[in-house]
Amino acid sequence: MIHPIVKFGDPVLEKPSETITSFDEDLKKLVEDMFESMYAAHGVGLAAPQIGISKRVAVVDVTFKYDRRAKLVLIHPEIIKKEGRQRGTEGCLSIPEFREEVTRAKAVTIRAQDLDGKFFEHTGEELLARAFLHETDHLNGKLYISHISALKRDLIKRKIKKLVKAGEW
Ligand SMILES: [Zn+2]
């Protein structure tokens, strides 16, 4: 099932998500829905709070369906290693139409659980490293605009306020 993407302004996006206690069929269904919703929105990553569900799970596919092995389910992800720096444009499905330059680590190792609750580690570079950091931030109630200057962030927030007023957000 495709869920609508929750947009900036909804408090679910700015609070830490809750721990998952059972690795059951409901969780599998949620992950399926998240992949479906992410592809429908043309994203390369999606965290559960972005569909209004405050749980520590995210999905990532930086190949956009091209490589089936690139589909990653991240439950309780934690960044355990960061190396180097990359500068690049970043956006978020919950803040549509806006993009900003964000400096991130170039290589990132993540530790997470899979759908069976098994722990694994995965190292990603470039876009995948950026996705790991972006999605883990989401589960901590943090958005990418917290990594840009206050000036740019306020400008985006002002523009969003106008869009909300116009009924376009
Ligand atoms: Zn995002």
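The dialogue below moves from the overall fold to one helix and then to the metal site.

Author: This is a predicted model, in which local features need pLDDT of at least 70 and side-chain atom pairs count only at pLDDT 80 or more, while totals for chains, interfaces and linings use all residues. Residues are numbered from 1 along each chain as its sequence is written, and side-chain values use heavy atoms, with hydrogens and water left out.

Reader: How many helices and strands are in the chain?

Author: Helices (H or I, at least four residues) and strands (E, at least two) are DSSP runs, numbered from the N terminus. Here the chain has 3 helices and 7 strands, in the sequence order α-β-β-β-β-β-β-β-α-α. The radius of gyration, taken over C-alpha atoms, is 16 Å, close to the 15 Å of the globule rule (2.2 Å times the number of residues to the power 0.38) for 169 residues, so the chain is as compact as a globular protein of that length.

Reader: What percentage of the residues of the chain count as buried?

Author: Buried means under 20% relative accessible area, exposed over 50%, and partly exposed in between, with a 1.4 Å probe and protein chains only. By this criterion, 46% of the 169 residues are buried.

Reader: Against which strands do the buried residues of H1 pack?

Author: Contact means heavy atoms within 4.5 Å. The buried residues of H1, including Leu27, Leu30 and Phe35, pack against strand E1 (45–47), strand E2 (57–60) and strand E3 (72–83).

Reader: Which residues are the protein donors of the zinc ion?

Author: Donors are N, O and S atoms within 2.8 Å of the metal (3.2 Å for Na, K and Ca); water is not among the atoms, so sites may look incomplete. The protein donors here are Cys92 (SG), His134 (NE2) and His138 (NE2), at 2.0 to 2.3 Å from the zinc ion. Their spacing along the chain is C-x41-H-x3-H. Cys92, in the loop between strand E4 (86–90) and strand E5 (100–104), and His134, in helix H2 (residues 126–139), are 42 residues apart and link distant parts of the chain. Both Cys92 and His134 are buried.
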